[in-house]
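Trainee: I have a structure open and would like to learn how to read its features. Can we take them one by one?

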Amino acid sequence: MSQVLYELPPNYEQICQAIPAVQKNKAIVFVYAPYIYSPAGIELRPDLKAHEEVHVTRQGDDPQAWWDEYLVNKDFRLREELAAYQVQYKYMEVHYDRAKRRAILSSIAKDLSGPMYGGIITKQQAIKLIKNGVTA
């Protein structure tokens, strides 16, 4: 399990330049492998930790190359987030009751369909893709 640091990631300025919506959301969690960053000091729920661990793994030994692609390629960003949200949802299926799953799924689908990830799918599409484990 990756260590969580309560500070900004090393490439925060680069992220903000590419995705201005980041600056409006103080509760955002970042990964710059091998660390998970929670600048607002928020303790991560176990399902969110599962999500972030996907990013740690996929960034591998070259997190900057991953971020360079993530920040310019909306399709790559969607694929990466979808892979992480699918793992998060699988965690929720095992550990959370239906009401909690539904509430979190609605929230993460809203995020996935929103400006942070380029607004390239609808919330309903996001729900379907997350639940069904289908790649975009």
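Mentor: Start with a helix. Tryptophan 67 and tyrosine 70 are three residues apart in helix H3 (residues 63–72), so about one helical turn separates them. Keep in mind that this is a predicted model.

Trainee: What kind of aromatic pair do tryptophan 67 and tyrosine 70 form?

Mentor: Look at the angle between the ring planes; over 60 degrees counts as edge-to-face. For tryptophan 67 and tyrosine 70 the angle is 65°, with 5.1 Å centre to centre, so the pair is edge-to-face.

Trainee: Is tryptophan 67 buried or exposed?

Mentor: Under 20% relative accessible area means buried. Tryptophan 67 has 5%, so tryptophan 67 is buried. Tyrosine 70 is buried as well, at 4%.

Trainee: Which residues does tryptophan 67 touch, not counting those up to four places away in sequence?

Mentor: Asn11, Ile15, Phe30, Val31, Tyr32 and Gln59.

Trainee: Which residues do ring pairs link into a cluster?

Mentor: Trp66, Trp67, Tyr70 and Phe76. Tyrosine 70 also has a charge to note: arginine 77 lies over the face of its ring, 5.5 Å from the centre. Elsewhere, the charged end of lysine 100 sits over the ring of tyrosine 96, at 4.2 Å from the centre.

Trainee: How many aromatic pairs does a search of the whole structure find?

Mentor: Eight. One of them joins tyrosine 12 and phenylalanine 30, edge-to-face, at 5.8 Å centre to centre and 90° between the planes. Tyrosine 12 is in helix H1 (residues 12–18) and phenylalanine 30 in strand S2 (residues 30–32), so this pair ties together parts 18 residues apart in sequence. Tyrosine 12 is buried, at 14% relative accessible area. Phenylalanine 30 is buried too, at 5%.

Trainee: How should I read a nonpolar core?

Mentor: In soluble globular proteins, nonpolar side chains tend to be buried together. Here the largest nonpolar core has 33 residues. Val22, Phe30, Trp67, Tyr70, Leu112 and Ile130 have the most contacts inside it.

Trainee: Which element gives the most to this core?

Mentor: H4, with six residues. Another core lies apart from this one; its eight residues include Val29, Ala33, Ile36 and Leu44.

Trainee: How far apart should the ends of helix H4 be?

Mentor: Count 1.5 Å a residue. The 22 residues of H4 (residues 74–95) should therefore span 32 Å. The end C-alpha atoms are 31 Å apart, which agrees.

Trainee: What caps the N-terminal end of H4?

Mentor: Asparagine 73 does. One of its side-chain oxygens lies 3.0 Å from the backbone nitrogen of aspartate 75.

Key
Residues are numbered from 1 along each chain as its sequence is written. This is a predicted model: local features need pLDDT of at least 70, side-chain atom pairs count only at pLDDT 80 or more; totals for chains, interfaces and linings use all residues. Side-chain values use heavy atoms; hydrogens and water are left out. Helices (H or I, at least four residues) and strands (E, at least two) are DSSP runs, numbered from the N terminus. The expected span of a helix is 1.5 Å times one less than its number of residues. A polar contact is a pair of N or O atoms within 3.5 Å; within protein, one must be able to donate a hydrogen and the other to accept it, and residues adjacent in sequence count only if both atoms are side-chain atoms. Rings of Phe, Tyr and Trp (its six-membered ring) pair if their centres lie within 6.5 Å; planes under 30 degrees apart count as stacked, over 60 as edge-to-face and the rest as tilted. Buried means under 20% relative accessible area, exposed over 50%, partly exposed in between (1.4 Å probe, protein chains only). A charge sits over a ring if NZ of Lys or CZ of Arg is within 6 Å of the ring centre and within 35 degrees of the ring normal. A nonpolar core is a set of buried Ala, Val, Leu, Ile, Met, Phe, Trp, Tyr and Cys residues joined through side-chain atoms within 4.5 Å. Contact means heavy atoms within 4.5 Å.
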